[in-house]
Amino acid sequence: MSTTFYAGHLLSTSLRPNNHHHNHHHCPSILPITSLSSPQNPNPNPNAKIKPKPSHRFPSSSIAPSPSPILKSAASSALLFLFGNGIDAGGGGGGGRSGGGGGGGGWGGFWRWIFTPMALAEESKEKSKADSGWDEHEFPPNFKILLKKLSGFKRFKVSDIVFIEEKGKEKLGLNDSFLEMVALRPGGVYTRTQLEKEVESLAACGMFEKIDLKVNTNVDGTIGLEFKFKESTWMAMKKFRCINVGLMKQPETIGIDEDATEEERREYYTKLQRQYDDRVRRARGCLLPSEVEEDVVRMCRGKLTARMLQKARDKVQKWYHDNGYACAQVVNFGNLNTNDVVCEVAEGDITKMEIQFLDKIGNLVEGVTNLNLVRKEIPKSLAKGRVFNIETGKQALRNLNSLGLFSNIEVNPRPDEKKEGGIVVEIKLKELDQKSAEVSTEWSIVQGRYGIPTLASIQPGGSVTFEHRNIKGLNRSLLGSISTSNFFNPQDDLSFKFEYVHPYLFGLDDPLSRTLRVNCFNSQKMSPVFTGGPGVDEIPPILVDRSGIKANVTENFTRQSKFTYGLVMEEITTRDSTSQIAAQGPRVLPNGQMSGDGPPTTLSGTGVDRMVFAQANITRDNTKFVNGAIVGERNVFQFDQGLGIGSKFPFFNRHQLTVTKFIQLSEVDENAGKPPPVLVLHGHYGGCIGDLPSYDAFVLGGPYSVRGYNMGELGAARNILEVAAELRVPVRNTHVYGFVEHGNDLGSSKEVKGNPTEVYRRLGHGSSYGVGVKLGLVRAEYAVDHNSGTGAVFFRFGERF
């Protein structure tokens with residue numbers, strides 16, 4: 001069966017749905033983002049994700065006319081190619097099956113399944129799957145018959161489908177793009193009417209100047225389908241340009257009568273041409289760079305064919321999808337009867353953003369969080385009028401997750417049913433409970449008689465924590481924690497911290513998003529200043545208690561770079577292992593006995609210091625993750641300025657500068673999964689001018705100073721310099737690394753009161769080198785102490801840099 005159409009005046013093609021493959025180009029699913037964390041929940045949030053809605057189908061574009069003379073050929077007069085997976089024809093656009101010129105027709109709603117022959121075939125195919133019954137043909141086997149010879153009352157099972165090009169007489173390969181155009185499937189069951197509808201759809205799609213279908217009868221009663229076709233061609237392309245038609249309505253064009261005269265047809269197509277030219281003028285420019293347009297022209301040399309258009313479509317869409325524009329879709333080609341081809345693209349323009357709060361079972365509820373606070377965290381590139389991009393959606397997820405207010409976050413792009421070509425971005429949020437509390441208890445177990453585990457004490461220890469988050473819906477919070485080793489007598493070692501956090505101190509419109517933090521604290525830690533060096537017997541520890549109030553304000557320049565300044569008022573008490581106040585540290589006498597007249601522990605010499613000082617910290621951080629590996633640069637400068645208020649009127653300036661560079665050593669595809677090798681270069685300088693209590697001296701050695709040594713094993717000094725280099729190489733799902741580090745007191749150990757470095761026989765400098773492997777959150781390392789030449793294995797949590 002072949003059909004002849006008028007063709008000379010058709011300039012527009014839209015591509016037919018790709019029903020064979022499933023590489024949908026409209027808003028594909030995005031893998032969940034699982035590397036996010038919040039202050040309230042330091043573990044990654046596995047529920048934060050971009051989750052596109054089930055896609056409706058993209059429409060085809062309207063037809064466009066040509067002013068050229070009427071030519072009679074085997075091509076459609078309204079060449080509508082329905083292009084790519086998920087594109088459907090508009091009603092009335094095909095029009096030319098009987099020689100008429102078909103109009104552009106209305107589309108119906110954008111991305112909505114439209115009633116077309118293609119849709120009929122799809123619907124019938126689904127019905128045939130529901131009912132697997134079929135009838136055998138009534139012809140002898142191995143016969144070739146016309147489609148109209150089949151009975152109209154039977155349902156036939158298709159064994160195979162082949163395409164044969166008229167000029168080549170050879171069957172097309174399984175990967176040929178033309179096979180994507182067919183809705184029928186081997187193994188499917190169809191009626192004769194369904195097969196006729198499919199032939200009509202293929203004839204009207206514009207891919208073929210002529211197409212016939214013959215039926216091959218098989219011995220087992222099934223039938224084979226053989227399509228013989230001639231591919232559509234146009235004049236050579238000299239220019240290729242893209243326009244964005246995503247939010248443009250299709251022109252409502254009335255079809256031409258089949259009995260129209262040549263003059264009437266010429267007038268009709270001239271009118272269509274003017275409409276199309278006006279449409280091109282009103283269209284917006286595309287994001288597609290001119291380099292890609294030039295590549296398409298070079299790729300489509302010579303006479304333009306339907307296959308070339310498919311390749312041009314694939315190249316254009318590949319650029320969009322590779323750059324994160326997942327909803328972009330080529331919907332039409334215009335001006336095909338000229339050498340200036342127009343590619344119409346629906347880029348996925350955002351027309352609306354909806355923010356929804358859900359309860360634990362997914363029902364819509366009224367949220368506590370202020371909507372303006374949520375909108376502030378959403379990138380401006382996700383606003384109305386922008387083109388939806390996956391990376392922007394991921395950034396929105398990270399920003400919202402950083403608030404620490406939500407247990408589940410979803411960003412769902414879906415088609416706008418009211419505006420053709422538009423995208424509605426749905427943001428769905430499940431809020432964490434505003435109030436929470438937790439009590440944990442613990443008992444110490446030691447080895448008893450005969451090696452049997454025994455409780456060290458029946459007195460329980462543990463901690464109590466509570467949190468009231470998102471006060472007034474503005475992410476203000478009140479947090480508290482209390483811990484002790486003896487709930488029955490907690491005053492012995494009670495530690496606590498209470499903190500109030502007030503974001504957006506000067507309102508949501510503050511460009512620096514200033515945050516106020518006020519906390520009161522009482523903590524106890526062992527001081528590494530009073531630690532023995534190599535070969536020194538174990539030194540009894542000195543514990544440093546700090547209690548006081550701290551208030552600071554943080555200004556956010558970017559999400560990672562910030563400036564913090566504030567005031568600290570605290571009381572520092574040094575104690576020995578029996579919790580008694582210790583004004584001096586221990587000292588080992590020549591006879592091996594321990595004396596209590598070692599270096600002074602406080603500035604006042606009484607074991608108790610009180611002071612008020614200003615504190616500031618500025619961080620410049622442009623690091624990012626490339627497939628899980630951190631690259632970029634981070635610089636931190638911090639200083640504490642004594643104000644002369646407190647014990648002995650302390651006046652000092654204690655300052656630190658840390659510079660860390662993560663150098664990516666090879667280029668990788670950032671979406672390919674494998675991280676690049678990274679070279680880390682690190683330097684840290686610390687210094688103090690003025691009064692310096694021993695407990696605030698800089699210490700050398702430890703997992704975050706010079707690896708391979710214990711905390712403070714190298715010395716305590718007024719000024720220090722640390723340098724390090726680490727090479728990270730990805731292996732399977734982790735990375736291994738080698739490192740070398742050095743720390744030096746710059747000869748300033750003697751400037752610390754009592755010179756604890758000399759008293760505890762520490763060298764004041766040291767180097768180390770070694771290798772390690774990252775095992776989840778744990779670093780397993782083998783480090784060599786260069787001073788003694790011995791090595792040891794260490795297991796550490798967290799990152800070194």
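Me: A crossing of two helices is right-handed if the near helix is turned clockwise from the far one by less than a right angle, and left-handed if anticlockwise. Which hand does the crossing of helix 4 and helix 5 have?
Reply: Right-handed, for helix 4 and helix 5 in this predicted model.

Me: What makes helix 4 roughly antiparallel to helix 5?
Reply: Helix 4 (residues 290-299) and helix 5 (residues 306-322) pack at an angle of about 160°. The cut-off for roughly antiparallel is over 145 degrees. Therefore helix 4 counts as roughly antiparallel to helix 5. Their axes lie 10 Å apart.

Me: Which residues of helix 5 are buried, and what follows the helix?
Reply: Buried residues of helix 5 include Ala306, Met308, Leu309, Ala312, Val316 and Tyr320. Arg307, Gln310, Arg313 and Gln317 are buried there too. Just after helix 5, Gly324 takes a positive phi of about 90°.

Me: How do you know that helix 3 has a buried side?
Reply: Its buried residues are Arg265, Tyr268, Tyr269, Leu272, Gln273, Tyr276, Arg279 and Val280. These cover an arc of only 140° around the axis, so they sit on the same side of helix 3. An α-helix has 3.6 residues a turn, so residues three or four places apart point the same way.

Me: Which exposed residues does the opposite face of helix 3 carry?
Reply: Arg274, Arg281 and Arg282 are the exposed residues on the face turned away from the buried side. Helix 3 spans residues 262-282 and reaches 30 Å, close to the 30 Å expected.

Me: Why is the span of helix 2 said to agree with expectation?
Reply: Helix 2 has 13 residues, which at 1.5 Å a residue should span 18 Å. The end C-alpha atoms are 18 Å apart, so the two values agree. Among the buried residues of helix 2 are Leu195, Val199, Leu202, Ala203 and Ala204.

Me: What makes up the largest nonpolar core?
Reply: This core has 29 residues. Phe163, Phe208, Leu225 and Phe227 have the most contacts inside it. Strand 7 (155-165), helix 2 (192-204), strand 9 (208-217) and strand 10 (223-231) each give it two or more residues. Another core, of 27 residues, lies apart from it and includes Val529, Val536, Leu692 and Ala697. In soluble globular proteins, nonpolar side chains tend to be buried together.

Me: Why is Lys228 called partly exposed?
Reply: The relative accessibility of Lys228 is 31%. Lys228 lies in strand 10. Lys171 is 57 residues from Lys228 in sequence, yet the C-alpha atoms are 9.3 Å apart.

Me: Why is Phe333 called buried?
Reply: The relative accessible area of Phe333 is 0%, and buried means under 20%, so Phe333 qualifies. Phe333 is in strand 15 (residues 329-334). Glu344 is 11 residues away in sequence and 6.0 Å away, C-alpha to C-alpha.

Me: What makes Glu538 and Asp509 exposed?
Reply: Exposed means over 50%. Glu538 has 72% relative accessibility, so it counts as exposed. Asp509 has 75%, so Asp509 counts as exposed too. Glu538 is in the loop between strand 27 (515-526) and strand 28 (543-556). Asp509 is in the loop between strand 26 (495-502) and strand 27. The C-alpha of Glu538 is 9.7 Å from that of Val588, 50 residues apart in sequence. Asp509 and Leu373 are 136 residues apart along the chain, with C-alpha atoms separated by 9.7 Å.

Me: Are Asn142 and Asn755 buried or exposed?
Reply: Asn142 has a relative accessible area of 66%, over the 50% cut-off, so Asn142 is exposed. Asn755 has 14%, under 20%, so Asn755 is buried. Asn142 is in the loop between helix 1 (117-130) and strand 6 (144-146). Asn755 lies in the loop between strand 40 (734-744) and helix 8 (756-759).

How values were computed: Residues numbered from 1 in each chain as written. Predicted model: local features only at pLDDT ≥ 70, side-chain atom pairs only at ≥ 80, totals over all residues. Heavy atoms only, no water. Helix = DSSP H or I, 4+ residues; strand = E, 2+ residues; numbered from the N terminus. Buried < 20%, exposed > 50% of the residue type's maximum accessible area, 1.4 Å probe, protein only. Expected span 1.5 Å × (residues − 1). Arc of directions from axis to C-beta. Core = buried A, V, L, I, M, F, W, Y, C linked by side-chain atoms within 4.5 Å. Axes fitted to C-alpha atoms, helices over the stretch in contact; angles between N-to-C directions. Parallel < 35°, antiparallel > 145°, perpendicular 65-115°, else oblique.
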